[in-house]
Amino acid sequence: MGVQFPLKKEGPEAARERLQKRHSALIAVRSEQMADWEDIADYILPRQIRIDPRNVNRKVGGASKIYNSRAGRGVRICASGMNAGITSKARRWFSLTTPSSDLANDPEVKAWLHFVEELIREALAKSNFYKALAQLYYHLVAFGTSAMLIEEDHEEALRCYVFPLGEYSLTLSARLQVNGVYRDLCMSVAQLVEHFGYDACSREVRKAFDDHEFERLIEIVHVVEPNRELQLGKLDVTGKKWLSLWYEKATEPSEGFLRARGYRDFPVMAPRWMTLGLDVYGVGPGHEALPDTKGLQQLAKRKLQITDKLTEPPMVVPPNLGVNSMLPGQLIAVSEADGVKQVRAAYSPDPAAIPAIREDVQDHEGRIDSAFFADLFLLLANDNRSNVTATEVTERHEEKMLQLGPVLEALEDELLDPAIDRVFSILLEKGVIPPPPESLFGSELRVEYISILAQAQKMLGITSLERFAGYASSLAQNINPQVLDLIDADALLREYSGMLGMKPDLLVAQQLVKKLRAMKAQQKQQLDTMNQMLQGSQAAKNLSGATLQDDNALARMLGAMPGVAAGAAGAGPGAMQAGGAA
């Protein structure tokens with residue numbers, strides 16, 4: 001067993017010992033969260049955690065404590081709403097651009113960015129990315145933490161793996177970002193040989209494979225951590241920022257690793273719903289809904305018990321006919337000395353208790369729906385009124401969107417940005433992405449999110465823009481038109497278009513707009529000049545046909561000029577004709 005270990009200062013045996021020691025410490029930190037996770041699994045989302053990595057195909061936790069599935073429904077609605085509203089496979093939910101608006105509007109740059117966007121979308125659509133996201137959102141909503149690995153794949157360009165909760169431990173950098181994963185898992189002998197190769201496996205695994213024990217499970221540890229001996233510029237593993245180390249848990253440290261490779265960027269997306277300070281693991285809607293969910297299960301259980309006792313109450317009978325029990329349908333033995341002459345009900349529960357419990361159940365369900373944002377994602381579906389105005393719907397929608405604002409920002413930082421970067425890096429290493437235009441050299445790319453929920457967040461600023469533009473227009477009409485000189489109408493319109501999620505192609509590039517305006521200004525100037533010349537020639541024509549005998553403006557103007565009036569007074573029609581003939 002063993003492969004070449006990339007680090008030189010730290011040998012494979014020392015690395016194994018260090019990893020195992022830190023792994024144990026991380027499991028101790030994670031164990032502080034396990035009590036809440038197990039409660040959430042028991043009462044909200046059963047069979048979704050894995051305490052023991054050997055429990056493959058054997059789910060931990062059942063539905064024995066669940067009498068009302070409202071919380072599980074809330075998780076499904078919230079997870080599905082986030083999946084459709086943030087990363088829908090059916091519509092564009094991201095676009096590539098640059099921080100520089102001039103570069104972003106450059107035709108060559110715009111064409112390259114659009115081509116790369118389509119490559120990334122195609123790679124995501126062909127892989128299991130969207131299927132994995134659906135499971136990731138479930139874990140995130142219920143437990144507040146989830147994790148997914150994006151690996152390069154020879155068949156589909158990339159492959160996503162969602163880690164079951166309880167299978168992995170996270171580490172944080174000084175900037176409180178997830179920068180390491182220690183993962184416990186089990187693989188069959190057949191999977192180990194297929195994944196790592198026969199020679200890399202331990203003697204025990206090779207023997208099991210030779211004996212055809214293909215389904216025998218072997219405990220494996222997978223670690224992704226920062227490269228402690230990073231050498232920038234190197235093309236091999238030592239030049240990668242993160243290391244990926246695999247080893248069999250039962251083997252001795254001296255036996256080394258199954259695989260030791262590297263990544264240029266962190267391959268694990270570990271979004272957390274909400275964290276506090278140095279917390280490694282997040283707190284999500286499942287934690288908030290847990291107390292109400294426990295109370296709801298108790299109420300639902302009591303309601304069922306009362307219903308059973310109403311329909312089939314415990315009976316009082318002579319001692320030779322029954323046993324002592326207060327459960328529905330059971331018998332309570334009473335001696336004949338107590339005067340029992342016939343079988344009768346021991347007691348009759350008050351039927352009025354059921355409506356009271358039902359009302360309490362509805363209160364609990366309402367709080368659970370609110371914790372999982374079900375009222376947000378089912379805003380219109382739950383409104384049975386027929387006279388709801390569009391303005392009211394918009395205001396209510398914006399109010400609900402404010403609640404998801406911090407969550408969306410956290411998802412962009414810990415899930416969406418790293419995922420796009422990871423896919424871009426995989427496609428770049430495969431040589432699929434063409435070289436960028438020279439104008440982009442040295443510039444950074446920026447991802448803009450244009451999903452339904454991202455646009456809904458941006459829509460909150462549209463009202464302010466519209467109010468500003470309307471107020472400015474009112475001032476210009478009623479007080480001072482010069483106030484419009486303060487407004488850059490082009491910038492205002494581009495900002496408005498961005499908030500609406502319009503495609504950048506629908507707006508003409510700023511440089512082209514300047515050229516078009518310059519051309520229009522030149523054409524207008526030429527047209528004005530031609531109009532002036534036409535007016536001048538028409539005036540000359542009118543002057544040539546004018547007479548001085550009548551009392552008109554020309555005669556009065558000439559009469560006001562010295563010497564002209566006298567000549568004009570002695571001249572008759574014949575003189576004008578002669579002059580013309582001469």
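Let us begin with Leu176, which sits in the loop between strand E4 (168-172) and E5. Helices (H or I, at least four residues) and strands (E, at least two) are DSSP runs, numbered from the N terminus. The model is predicted: local features need pLDDT of at least 70, side-chain atom pairs count only at pLDDT 80 or more, and totals for chains, interfaces and linings use all residues. Residues are numbered from 1 along each chain as its sequence is written, and side-chain values use heavy atoms, with hydrogens and water left out.

Leu176 is not a glycine, yet its phi is positive, at about 65°. Most residues other than glycine have a negative phi. With 34% relative accessibility, Leu176 counts as partly exposed; buried means under 20% relative accessible area, exposed over 50%, and partly exposed in between (1.4 Å probe, protein chains only).

His212, in the loop between H7 and E6, also is not a glycine and has a positive phi of about 65°. His212 has a relative accessible area of 60% and is therefore exposed.

I turn now to helix H6. Which residues of helix H6 (residues 189-196) are buried? They are Val189, Leu192, Val193 and Phe196. These residues lie on the same side of H6, because they cover an arc of only 95° around the axis; the arc is that of the directions from the helix axis to the C-beta atoms. Their cover includes strand E5 (178-188), helix H7 (203-210), E6, E7 and strand E8 (259-263). Just after H6, Gly197 adopts a positive phi of about 95°.

Next, the cores. A nonpolar core is a set of buried Ala, Val, Leu, Ile, Met, Phe, Trp, Tyr and Cys residues joined through side-chain atoms within 4.5 Å. The largest has 88 residues, of which Met82, Phe129, Tyr137 and Met148 touch the most other members. Helix H11 (residues 390-429) contributes the most to this core, with 11 residues. Apart from it lies another core, of 14 residues, including Met187, Val193, Ala200 and Leu258.

Finally, consider Glu229, in the loop between strand E6 (217-226) and strand E7 (242-248). Glu229 is buried but has no salt bridge, and the nearest side chain of opposite charge, Lys9, is 6.0 Å away. Here Lys and Arg count as positive and Asp and Glu as negative, while His and the chain ends are not counted. A salt bridge requires a side-chain nitrogen of Lys or Arg within 4 Å of a carboxyl oxygen of Asp or Glu. The side chain of Glu229 does, however, reach the backbone nitrogen of Lys9 at 3.1 Å.

How values were computed
A polar contact is a pair of N or O atoms within 3.5 Å; within protein, one must be able to donate a hydrogen and the other to accept it, and residues adjacent in sequence count only if both atoms are side-chain atoms. Contact means heavy atoms within 4.5 Å.
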